[in-house]
Amino acid sequence: MASNVPYMFLLFPFLVVAYAGDLNKDFDITWGDGRAKILNNGELLTLSLDKASGSGFQSKNEYLFGKIDMQLKLVHGNSAGTVTAYYLSSKGSTWDEIDYEFLGNVSGEPYILHTNVFSQGKGNREQQFYLWFDPTADFHTYSITWNPQRIIFSVDGTPIREFKNSENIGVPFPKNQPMRIYSSLWNADDWATRGGLVKTDWTQAPFTASYRNFNADACIWSSGASSCASNAATTSSSSWLSQELDTTGQERLKWVQKNYMIYNYCNDKKRFPQGLPPECNIS
């Protein structure tokens, strides 16, 4: 969205659409002791990491289903040991979570995009990818489409992962717990780069990741109720509520997974000697 578009709520009959020209209105900086900043009249948010601390923010709103877009530009240069996390999560011991984590690397080596889905406190559903561009050179859009049938992870509009609702075969699906958006930049050099073999080079600090152009076409949860009515799926403004991948989307997903996926839990038979998770056995 162009930077001169004001922040607004467009109140459709059942849906709240947040167009964020001012990130101050959608997010709170939660930690980092001044290392996180909202700049340019709310158009830009930056997180930084130095040897003393990282930083983070969270959304003011909780969401229960939606299409969430954010543009990120990742730490440039030698980002080994750093992790930029951007995710949706609920609270409690049986939390739900939808994860993007960007694992840094030494200069010239690619970032790893790590994804995961937790339902009722259980994760272990990792898929990892290289990207087909340099995510440090410019901003790119990372999206989560979350509806009662599926979760779709997309990068610049290209789907990279789909997690379908498989409750019919006993797999819990995130659908009852509202989630906030969280993001943080932190040091994870005990595991992030080559399993912890490559450590953070603090002479390169501070490390900075940047965010802009947040959009939430979503159901906002407030005071125990959703901004979306039960028949919101029938409104033209909420096509994401029943969205699935069309033929083109399925082809692009296969292209990404064939050429850029570097780890898929559903192929890791050594990790699951008693058998792969049940959702891995469906198309």
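Q: What do buried, exposed and partly exposed mean here?
A: Buried means under 20% relative accessible area, exposed means over 50%, and partly exposed lies in between. In this predicted model, Trp132 has a relative accessible area of 26%, so Trp132 is partly exposed. Phe133 counts as buried because its relative accessibility is 18%.

Q: How is a pair of aromatic rings described?
A: A pair of aromatic rings is described by the distance of the centres and the angle of the planes. Planes over 60 degrees apart count as edge-to-face. The count for this structure is 18 aromatic pairs. Take Phe27 and Phe214: the ring centres are 4.8 Å apart and the planes stand at 75°, so this pair is edge-to-face.

Q: Which parts of the chain does the pair of Phe27 and Phe214 tie together?
A: Phe27 belongs to strand E3 (residues 27–31) and Phe214 to strand E16 (residues 207–222), so the pair ties together parts 187 residues apart in sequence. Phe27 is buried, at 2% relative accessible area, and Phe214 is buried at 0%. Trp132 and Phe133 also form an edge-to-face pair, with 5.6 Å from centre to centre and 90° between the planes.

Q: Which residues form one aromatic cluster?
A: The cluster is made of Tyr86, Tyr100, Phe102, Tyr142 and Phe153.

Q: Which residues have the most contacts inside the largest nonpolar core?
A: In soluble globular proteins, nonpolar side chains tend to be buried together. Here the largest nonpolar core has 56 residues, and those with the most contacts inside it are Ile68, Tyr100, Trp146, Ile151, Tyr211 and Phe214. Strand E16 gives the most to this core, with 8 residues. A second, separate core has 5 residues, among them Val83, Ile112, Ala188 and Ala192.

Q: What is Trp146 in contact with, leaving aside neighbours within four places in sequence?
A: The contacts of Trp146 include Tyr63, Leu64, Phe65, Ile151, Phe173 and Trp240.

Q: How many disulfides does the structure hold?
A: A disulfide is a covalent bond between the sulfur atoms of two cysteines. This structure holds 2 disulfides. One joins Cys219 to Cys228, with 2.0 Å from S to S. Its angle about the S-S bond is -100°, and the link of Cys219 and Cys228 is left-handed. Both Cys219 and Cys228 are buried.

Q: Where do Cys266 and Cys280 lie?
A: Cys266 and Cys280 form a disulfide with sulfur atoms 1.9 Å apart. Both Cys266 and Cys280 lie in the segment after strand E18 (261–264), so the pair ties together parts 14 residues apart in sequence. Cys266 is buried at 16% relative accessibility, and Cys280 is buried at 17%.

How values were computed. Residues numbered from 1 in each chain as written. Predicted model: local features only at pLDDT ≥ 70, side-chain atom pairs only at ≥ 80, totals over all residues. Heavy atoms only, no water. Phe/Tyr/Trp six-rings, centres within 6.5 Å; stacked < 30°, edge-to-face > 60°. Helix = DSSP H or I, 4+ residues; strand = E, 2+ residues; numbered from the N terminus. Buried < 20%, exposed > 50% of the residue type's maximum accessible area, 1.4 Å probe, protein only. Core = buried A, V, L, I, M, F, W, Y, C linked by side-chain atoms within 4.5 Å. Contact = heavy atoms within 4.5 Å. Disulfide = S-S within 2.5 Å.
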